[in-house]
Amino acid sequence: MIKIFPWDKRNYNRRYPQDYGFIRTLFITWFLYFVVWPAAFFCYGAKLVGRENLEKGKRYVFTANHQSYIDPPLISTVANHPVAYMAKEELYTHKNPLIRFLVISLGSFGVNREKPESATIKTVIDIVKHTKWSLGIFPQGTTVPGAKTFDDVKGGFVSIAKLAKMDIVPVAICNFRGYNIIPFREHVVLKIGKPISYQLPEDEILKQWKEYMEANVE
């Protein structure tokens with residue numbers, strides 16, 4: 001049977017090192033430079049603030065507030081290299097075929113938000129040990145347009161960062177006012193915070209993350 005997508009959607013949460021090999025890395029790089037960057041800057045006037053906080057060549061767990069389906073591509077402009085995003089399982093059966101295709105083909109791995117499975121953890125370990133990809137997580141778990149408080153955010157992303165032994169980079173996505181195709185009308189700002197050490201206690205990491213986001217989201 002011919003698969004429409006490169007990964008079987010029934011096994012959304014288990015990915016292997018070969019799934020993040022040369023071909024997909026090349027595709028992601030092409031997509032980033034020739035699709036994501038032009039769209040981000042021409043359609044959303046995206047501006048990066050705090051890029052100097054990132055150490056060149058270092059991998060991180062990129063985390064951000066979640067307002068729309070374009071958040072992962074926007075965060076990829078911050079990382080400037082391939083990022084494997086943790087995605088809620090519902091996206092793999094989304095009614096929009098373009099969203100399904102992008103979620104599956106661009107290197108995401110699924111998670112059951114109600115009951116995380118061991119396969120997801122194994123995927124994280126494989127990505128960390130056998131690839132040069134960073135990780136991307138939206139701690140709110142779903143899109144929450146306009147949210148400026150983060151009291152309901154849990155520490156799941158902190159556990160992933162500790163497992164991966166990667167520092168957490170908070171990114172505040174600001175001034176997003178909806179999807180746009182008109183050039184230069186929007187002015188989205190991505191505020192990149194200083195990395196939070198994964199070695200800190202979980203409560204302290206969560207506290208610092210929430211404080212940064214609430215102070216910078218506009």
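Which residues of β3 are buried on one side, and which on the other? I found V83, Y85 and A87 on one side and A84, M86 and K88 on the other, all buried. Buried is under 20% relative accessible area, exposed is over 50%, and partly exposed lies in between (1.4 Å probe, protein chains only). Six of six residues in β3 (residues 83-88) are buried.

I am working on a predicted model, where local features need pLDDT of at least 70, side-chain atom pairs count only at pLDDT 80 or more, and totals for chains, interfaces and linings use all residues. Residues are numbered from 1 along each chain as its sequence is written, and side-chain values use heavy atoms, with hydrogens and water left out.

**Sheet.** I traced an open sheet of seven strands with mixed pairing, in the order β1-β7-β6-β2-β5-β3-β4. β1 and β4 (109-111) stand at the edges with a single partner strand each, so one side of each has no neighbour in the sheet. The twist averages 25° from one strand to the next. For such angles, axes are lines fitted to C-alpha atoms, for helices over the stretch in contact, and angles run from 0 to 180 degrees between N-to-C directions. Strands (E, at least two residues) and helices (H or I, at least four) are DSSP runs numbered from the N terminus. Two strands pair if DSSP finds at least two bridges between them.

**Around β3.** I looked up its partners next. β3 runs parallel to β5 (residues 134-137), joined by three bridges. Y85 has G136 as its bridge partner in β5. β3 also pairs with β4 in the parallel sense, over three bridges. There, A87 has G110 as its partner. From β3 the chain crosses through helix α3 (residues 97-105) to β4, in a right-handed β-α-β crossover. Right-handed means that, with the strands pointing away from the viewer, the path from the first strand over the helix to the second runs clockwise.

**Around β7.** I checked both faces of β7 (residues 189-192). V189 and K191 on one side and L190 and I192 on the other are all buried. β1 (residues 47-49) pairs with β7 in the parallel sense over three bridges. L48 stands opposite L190. β6 (residues 168-174) pairs with β7 in the antiparallel sense over four bridges. A172 has K191 as its bridge partner.

**β2 and β6.** β2 (residues 61-64) runs parallel to β6, joined by four bridges. T63 is partnered with P170 in β6.

**Helix α1.** I placed V35 in helix α1 (residues 22-43). V35 is partly exposed, at 32% relative accessible area.
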